[in-house]
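This report walks through one protein structure, part by part, for a reader who is new to the subject. Please keep the sequence and the structure in view while reading.

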Amino acid sequence: MNLFMRLSTVLLLLCGTAAHAAPPPSDMLAQMRTAYGADKLASLTSARMKLHLRKVGEKLPHVTDMHYDFKNRSIARSETTENGVERTIAGGGRGYSFVGNTCTPLEERAENQLMRSLQSNFLFLLKDQQTILTPANGTPPQDGLYAGLAWYNIYQPGWKGFHIGVDEASGLIRALWFGDNSTSQELDYRLTDGVMWPYSFKTYEDDKLVSEGHFSDVLLSRSGDDGIKVPDYCMQLLTPR
């Protein structure tokens, strides 16, 4: 084999093993919006669901009721504590927590953390026109569970976001990468009221399973009447920052 043929063979091998280039972000964002429901997705005003999260080593999952108010860009979470059912709400530059008729303003850190739960919800991100999709930063995982995925950074102004691994054929998010050794699989997609939603997920650290969860009682609304309401006795405590 002469030198030219050898070089040609090496180039062919390299091309065959190189990572597949991801489609342009604008094209993929449009494909994803179609895959998740198109007009059915765009018309959503709110979503409710129960999150069942179990860490490795725990016997029972922790159950949280989630309420996403897409129309008003706010979020509510309810969970059982030793003091009773605690409900926390954030949105519009304010937040509070209450148990029974006792209302307490949220600290800014807790408010921001709760708002990140809204900003990382797939339905919110894909329906909201402020969402930005850019090529991935760094080197996302490419082997094993993540082979063949197209990686992007998804975020909104003022929020750094995270990386998503998208299946090019379906346009669905199959994995998350948080820029370190933390990853997540998005599983069990089901069509719910015209919208695709992953009903279960698994989270890994250094390729070791650390937690898994699933969603139940998923209810989607397009009426605009299912917004998050602030109790009157809390209003006097809440002033926008």
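## The largest pocket

The largest pocket has a volume of about 1200 Å³, where a volume is the space filled by probe spheres set on grid points that are joined across faces, edges and corners. A pocket here is an open set of points, on a 1 Å grid over the protein atoms alone, where a 1.4 Å probe fits and where protein lies on both sides within 12 Å along at least five of seven lines; its lining residues have an atom within 4 Å of a point. The model is a predicted one, in which local features need pLDDT of at least 70 and side-chain atom pairs count only at pLDDT 80 or more, while totals for chains, interfaces and linings use all residues. Residues are numbered from 1 along each chain as its sequence is written, and side-chain values use heavy atoms, with hydrogens and water left out.

The lining of the largest pocket consists of 34 residues, and those nearest its centre are Arg116, Ser117, Ser120, Leu176 and Phe178. Two or more lining residues come from each of β1, β2, α4 (108-119), β9 (159-167), β10 (172-177), β11 (182-192), β12 (195-205) and β13. Sorted by class, the lining holds 15 nonpolar, 13 polar and 6 charged residues, with Ala, Val, Leu, Ile, Met, Phe, Trp, Tyr, Cys and Pro counted as nonpolar, Asp, Glu, Lys and Arg as charged, and the others, Gly among them, as polar.

## The protein as a whole

The secondary structure comes to 6 helices and 13 strands; these are DSSP runs numbered from the N terminus, with helices (H or I) of at least four residues and strands (E) of at least two. Of the 241 residues in the protein, 42% are buried, a word that stands for under 20% relative accessible area, whereas exposed stands for over 50% and partly exposed for what lies in between (1.4 Å probe, protein chains only). Among contacts (heavy atoms within 4.5 Å) between residues at least 6 apart in sequence, 51% join residues at least 24 apart.

## Salt bridges

Side chains of opposite charge can pair when their charged atoms come close. A salt bridge is a side-chain nitrogen of Lys or Arg within 4 Å of a carboxyl oxygen of Asp or Glu, and a search of the whole structure finds 7 of them. One of these joins the side chains of Asp65 and Lys50, at 2.7 Å from N to O. Asp65 lies in strand β2 (residues 62-69) and Lys50 in strand β1 (residues 46-55), so this pair ties together parts that are 15 residues apart in sequence. Both partners are partly exposed, Asp65 with a relative accessible area of 33% and Lys50 with 27%.

Another salt bridge brings together the side chains of Glu212 and Arg54, at 2.6 Å from N to O. This pair links distant parts of the chain, with Glu212 in strand β13 (residues 208-221) and Arg54 in strand β1, 158 residues apart. Glu212 is partly exposed at 25% relative accessibility, and Arg54 is partly exposed at 27%.

Beyond its neighbours within four places in sequence, His52 is in contact with residues including Pro61, His62, Glu212 and Ser216.

## Two further buried residues

Ile173 is found in strand β10 and counts as buried, at 1% relative accessibility. Ile173 and Tyr36 are 137 residues apart in sequence, yet their C-alpha atoms are 9.6 Å apart in space. Tyr36 is also among the residues that Ile173 touches, as are Met32, Phe122 and Tyr189.

Thr131 sits in the loop between α5 (122-127) and β7 (132-135) and is buried, at 7% relative accessibility. The side chain of Thr131 reaches the backbone oxygen of Leu125 at 2.5 Å, and it also makes a polar contact of 3.0 Å with the side chain of Gln156.

Conventions:
Polar contact = N/O pair within 3.5 Å; in protein donor to acceptor, adjacent residues only side chain to side chain.
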